[in-house]
Amino acid sequence: MRATLVSLRPAVALLALAAVAPGGCRCGGSGIGDGGVTDADSGGAGKACVAATDCEPGLTCDPATMRCVGNAPCTTHGDCGAAAFCDPSGICMTNTTGGPCDDDVNCALNETCMMGVCGCGGKFFTAMSVPPNMLVVLDRSGSMDDPVAGTGMTKWEIATAAIDSLTTTYVSQIRFGLAMYQGDAGDCSAGEIFVDVGDTATTAPLITAAMAGTGPNGNTPIGDTLDAMVGYVGLADTTRPNYILLITDGMETCGGDGVAGATALAAQTPSVSTFVVGFGDGVDAAALDAIATAGGTPRPGGPPFYYQADDPASLDMSFDLIAGSVLSCTYTLSGVPAGTEDLFVYFDGTEVARDMSHADGWDYDPATNTVTFYGNACDTLQSGMVMDLQIVHGCPIG
């Protein structure tokens, strides 16, 4: 299972909560900490200092002597002491908001080094994504025991291995559970929940054990199984999106109506969307297309509107595409910003605009203390293109 579609690495974003004075951001200062020089020291060359801001313009504080010096040579920002940086010509310069840095020492009072840039800050909070719920509904019909040419494995072996890889890859990003069809020959009863949806660190080994403890032997009650999931408490979570991932290798054999089941799931509150993966050449493509469309998850670029898989690689790819499309675009902040007028969001150092219309950008919900991304901004996160998400309260860092 490829991990290339994980939406954010690292999965934890940082929010810097600035010390904000009335009327705006409190940046800069006369020194680092409380150790500034006295008024008797003019800050001229040779005077005692703890930071470049204690020295006259054009001078910096030599970290070796703690004296103000001019034209100090440097190769790294660390060579220049507090509140200073090494400019491209190799000379130490006093730093300002938006200046380069290696760490907080390079920045002025009350500023923090973020993404190599000094910005207003002082206290960091984590911003954790809100993982969606996904119930895997696995076909356990007898045909899942058929071998797949060229693999030396049965469809059941391939499917269960792919599900194990799916839960491992997205362990912190999606909450999984497992339902399977009845495993008795001739039994057309609806499938049942084997592992309730929950935190995947807990449910993943239970899912693996449940699949290992059984095998293919039964019919294909697609419609009745989807009907049975309507109202399932594990997908009744109003705080996060809810999904079903249906994996089947055959046609409906019990007279059920999969489209009606997917429609009922989508119409309930909260709504449950149904993804469909057809495995092998024995599927009813028209029926699976209709179920996926009714479930609100038609495959982009279809037809087919369900995900067709014929071997281990294509099954893994289908799972990756589906998982990538549901990764959360909502982040809960562990600290509460003082206000939203000084809240800034960056993707890899590029600012993302706030959009209160929820068309494209981000918005903050004070009721839940969350930042949610919409439109192209959400798509960009889900695609895995964003390596560094930062949410900064204070003044811009760009």
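Student: Which strand gives the largest share of the lining of the largest pocket?
Tutor: In this predicted model, the lining of the largest pocket has 19 residues, with Thr239, Arg240, Pro241, Ser328 and Thr330 nearest the centre. Two or more residues come from each of α6 (312-326), β19 (330-333), β23 (370-374) and α7 (375-383), helices (H or I, at least four residues) and strands (E, at least two) being DSSP runs numbered from the N terminus. A pocket here is an open set of points on a 1 Å grid where a 1.4 Å probe fits, with protein on both sides within 12 Å along at least five of seven lines, and lining residues have an atom within 4 Å of a point. The largest share, 3 residues, comes from β23.

Student: What pLDDT do the local features need?
Tutor: Residues are numbered from 1 along each chain, and side-chain values use heavy atoms, with hydrogens and water left out. Side-chain atom pairs count only at pLDDT 80 or more, totals for chains, interfaces and linings use all residues, and local features need pLDDT of at least 70.

Student: OK, on to the open sheet of 6 strands: which are its edge strands?
Tutor: Reading across, the order is β15-β14-β11-β16-β17-β18, with mixed pairing (two strands pair if DSSP finds at least two bridges between them). The twist averages 25 degrees from one strand to the next. Pairing on one side only marks the edge strands, β15 (192-195) and β18 (307-309).

Student: Which residue of β15 is the bridge partner of Met180?
Tutor: Strand β14 (residues 175-180) runs antiparallel to β15, and 3 bridges join the two. Met180's partner over in β15 is Glu192.

Student: What angle does α2 make with β14?
Tutor: Helix α2 (residues 200-212) packs on the sheet and touches β11 (133-138), β14 and β15, where contact means heavy atoms within 4.5 Å. Axes are lines fitted to C-alpha atoms, for helices over the stretch in contact, and angles run from 0 to 180 degrees between N-to-C directions. For α2 against β14, that gives about 20 degrees.

Student: And what about α5, at what angle does it run to β17?
Tutor: Helix α5 (residues 285-294) lies across two strands, β16 (242-248) and β17 (272-279). Its angle to β17 is about 160 degrees.

Student: How far apart are the axes of α1 and α6?
Tutor: Packed helix pairs are described by an angle and a distance between their axes. Helix α1 (residues 155-169) packs against α6 at about 35 degrees. Ile158, Ala159, Ala162, Ile163 and Leu166 of α1 meet Pro312, Leu315, Asp316, Phe319 and Ala323 of α6. The axes of this pair are apart by 10 Å.

Student: Where is Pro270, the one with a cis peptide bond from Thr269?
Tutor: That cis bond has omega near -5 degrees. Pro270 sits in the loop between α4 (258-267) and β17.

Student: Last one: what is the phi of Ala83?
Tutor: Look in the loop between β5 (67-70) and β6 (84-86), where Ala83 lies. Although Ala83 is not a glycine, its phi is positive, about 60 degrees.
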